Structure formats: C-alpha cells, structure tokens
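Good morning, and thank you for joining. I would ask everyone to open the structure before we go through some of its local features.

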Amino acid sequence: SADVLSISLCQFKLSDIGEGIMEVTVKEWYVKEGDRVSQFDSICEVQSDKASVTITSRYDGVITKLYYDVEATALVGKPLVDIETESSSEVIQEEDVVETPAMAREEHTHQEIKGQKTQATPAVRRLAMENNIKLSEVVGTGKDGRILKEDILNYLAKQTGAILPPAPSPAPTPPPPPATAVSPAAMLQAPPTSPKPVFTGKDVTEPLKGFHKAMVKTMTASLKIPHFGYCDEVDLSRLVALRKDLKPVAEFRGVKLSYMPFFIKAASLGLMHFPILNASVDEACQNITYKASHNIGLAMDTTQGLLVPNVKNVQVLSVLQIAQELNRLQVLGAAGQLGSADLSGGTFTLSNIGSIGGTYAKPVILPPEVAIGALGKIQILPRFDTSGQVVRAHIMNVSWSADHRIIDGATMCRFSNLWKEYLENPACMVLDLK
C-alpha cells in the first residue's frame, strides 16, 4: 500500500544536558525561520555554567519558529524551535540530539562521532554534491569546524590542480598631499587647542550568565576555606636545557612541548608521597576522600573567561602524553568547545599565570579540591652556583595555597620541596617514572 505524506508541526525541546543543569544561554543560532534542516544538522549553540554544547536536529523539515533570541536564557524541557515535518509514518517523539563539543581533528582527517554530523549550509552541501565531494573529507575552517564555500573550492583546487584567484585586495590608499612648508619658528609654537571629546556612552547592566555565573558560585564557596599560602623560587636552568633537546623530538612526533607537562608530571610524582593534597573534603568537613586518580587541572584564559580543564590520570601518563592532552585541551579552549567531561573531575590544580605576566600570586582553591599552585613567569636572573660564582639562572616563582583545615604548613612545604627537586634536577624524575 502507498504511504500517505502527512505534514505535522514538531516542537523541538531542549533536552536534559545533565549534571543538574536547568537553564542555558543561547549563544548562536545556526538556522533561521524558513530554513530547511536535516537530522543531525546543527540548530544552535548553548552555554551552561559547565560548558558550551551544540544542539542538533532530530527531524527533517522546515524551521517555522525560533523561541529565543541570542543571549536569552533557555529552559530545559521547553521548546527551542518549531519544525514542520513531512513523513510517511508516525513521527517518533524521541529526545533531542545533544552534540557534545567536537573532538580535536587532525589536519586532514575527519572523525565520525555518534550524534555528530559535518556542519555545512544547504548551499555548501549542494556545491559539494555537484562536484562529487564527500564532506567528511573536507576540513572546515568556519566556526566549530563548519565547512564554508571556500573550503569546498580549495579542496576542489587541490584535487584538480587548479589555482584559485587570490581574494581581491583593497585598493592602496593614495598618499596624502605634501604639506605646506612650515618654518622652524612656527613648529616651536604651541599646538592649536582641540575641543575636548564628549563622552556619550551609557552604563550597561546585564545578568551574570554561563561561566561567569559559575565563577561566582565557585569563588563564594572558596571563601569559606581558610587558605594557607606558601611561596618559593625554582631554578629551571637544567629543565630549560632538557626541553631544548626534547622539543624537536616532540615536534617530530607532532606534539608541541612546553614546560607545563613537566610541571604537571612533577606534581603528580609529589602527590604520590603526599596524597592528602590530592584529596577532597565534604561540605561539613567531616570526611576526607583520597582520590586515586591525579586529574590535574590547568587554569586556562579563554574568550569565555577563566576555565579549568584537567588532564585525567596523570599518574599513568608520560610527559609526552601529558603534552598531547594539553595540546588537545588548548585547541578546544581556543575554539570555545571544552566539554563538561574536560572541565569536571579535577583533583589538583596549577595556574600558569606567568604565561601572561607576574611572579607571585595568591591562588584561590577550587572546592572540593584542597590545594592549588600558581606559576610565575620564568626570568633570567643572577644567582650563585655551588662554587660561589655568579651565573645566569632561569628562575620561576611558585605560590601555593592549601586548605588549612586539613593541610598543615609543613606538609605543603615538603611537597613543594619535592616538586622543586624534580624540576631543578629533571633527571631524578626518571627514577620515579612508572
């Protein structure tokens, strides 16, 4: 029997993203009213206080209504859009598809992930189809890996050997006409007074949303913790030489090697000896949980604000593996695609504030963690060697904060000394690596 096409209106609802999240902020719409969408096409990007998430369509059809403006707050379980669908059978009301932040892609590969589909507009898809190009083979340069028309044309040029015409450059600005000759006496005269600029701006008040709202919650909880501070300086001269030797080896393997993997691995080796620094306490501070995994967080400055993704299970990773994971997290952070899996579960944190500037800091503990370190910038300073001679030394300052309810000063000091020993004599790390 022939199926009869039926037209129905489906309310596309925001599904439960998890972790108790009840509301999100709509950051960007990828569709507008009247657009035709297919299953798994991106609908919009939303941001919770945990992470940014791309919402994808469950249906084939036409968008008839958008329920929220950009920056508006959307509620879980409420409609995001209306989609007019055509089907030959009953429409199955299933949960909307939530696309987790995209995984890092290698330069010329495409990873098919369940619940994800290549992002491209219908016009770009049509261009690819007309030229028999698989979108999965094209590297997108648009936002969140979206494939643009230029990406298709560049891909086509590589396949056919064609040379695309360069983008038209703006016409050069003609030079200003020569100024009238001015006598030296006139140049010494006071410049003519110019009217004072009139400031016409207005104060703007807006609600705290997303990550800023999460920071308020976290820092308010952190204020309840009595912080113990401890500072020291570390001579990284030997580590600087070691990294210089290893950097080209890592680059040959496709990994960018900074100092941070060494700092993180040294911290993990130290936590083996001082497990209370890798612990957490309950809200009433009645119980201590010693964490088996060393999930060491890295405070990261992103366009979305301060985020702290963490490298999982550092205790079983090599320095190179830590560097690979940091590369992945930094790419996702720069693209605003860090997911809740990367941002949750941390047990210990290092803040590389020195990459921006400064020497000492007063880092704030991220509950339920009990310790955090802030690393200053590396400076070349004069120091005395063992024979009393003045030498050039690569000095970095470190500032620790610990929860003084369960961690005493001596424990923090001994941990710092061990961490410092590993970095000042990196060959010692080899003895304790597993």
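Is R238 buried or exposed? Before I answer, a word on provenance: this is a predicted model, in which local features need pLDDT of at least 70 and side-chain atom pairs count only at pLDDT 80 or more, while totals for chains, interfaces and linings use all residues. Residues are numbered from 1 along each chain as its sequence is written, and side-chain values use heavy atoms, with hydrogens and water left out.

To the question, then. R238 counts as exposed, because its relative accessibility is 52%; the cut-offs are under 20% relative accessible area for buried, over 50% for exposed, and partly exposed in between, with a 1.4 Å probe and protein chains only. R238 belongs to helix α5, residues 237–252. Helices here are DSSP runs of H or I with at least four residues, strands are runs of E with at least two, and both are numbered from the N terminus. If neighbours within four places in sequence are set aside, R238 is in contact with E424, N425 and P426, where contact means heavy atoms within 4.5 Å. R238 and A427 are separated by 189 residues in sequence, yet their C-alpha atoms are 9.1 Å apart.

Let me turn to the chain as a whole. Its secondary structure comprises 10 helices and 18 strands. Of the 434 residues in the chain, 40% are buried. Among contacts between residues at least 6 apart in sequence, 64% join residues at least 24 apart.

My next topic is the aromatic residues. The structure contains 7 aromatic pairs. Rings of Phe, Tyr and Trp (for Trp, its six-membered ring) pair if their centres lie within 6.5 Å; planes under 30 degrees apart count as stacked, over 60 as edge-to-face, and the rest as tilted. For F348 and W400, the ring centres are 6.2 Å apart and the planes are at 45°, so this pair is tilted. That pair links distant parts of the chain, with F348 in strand β16 (residues 348–351) and W400 in strand β18 (residues 390–403), 52 residues apart. F348 is buried at a relative accessible area of 0%, and W400 is buried at 1%.

W400 also pairs with W419, edge-to-face, at 5.1 Å centre to centre and 85° between the planes. Here strand β18 is linked to helix α9 (residues 409–424), which holds W419, 19 residues from W400. W419 counts as buried, at 0% relative accessibility.

Which residues form the aromatic cluster? They are Y259, F263, F274, F348, W400, F415 and W419. One of these, F274, is in contact with T411, as is I276. T411 is found in helix α9 and is buried, with a relative accessible area of 17%.

Finally, helix packing. Two packed helices are described by the angle between their axes and the distance between the axes. The axes of α6 (residues 260–273) and α7 (residues 319–334) come within 9 Å and cross at roughly 120°; axes are lines fitted to C-alpha atoms, for helices over the stretch in contact, and angles run from 0 to 180 degrees between N-to-C directions. The contact is made by M260, P261, F262, I264 and K265 of α6 and by V319, I322, A323 and L326 of α7.
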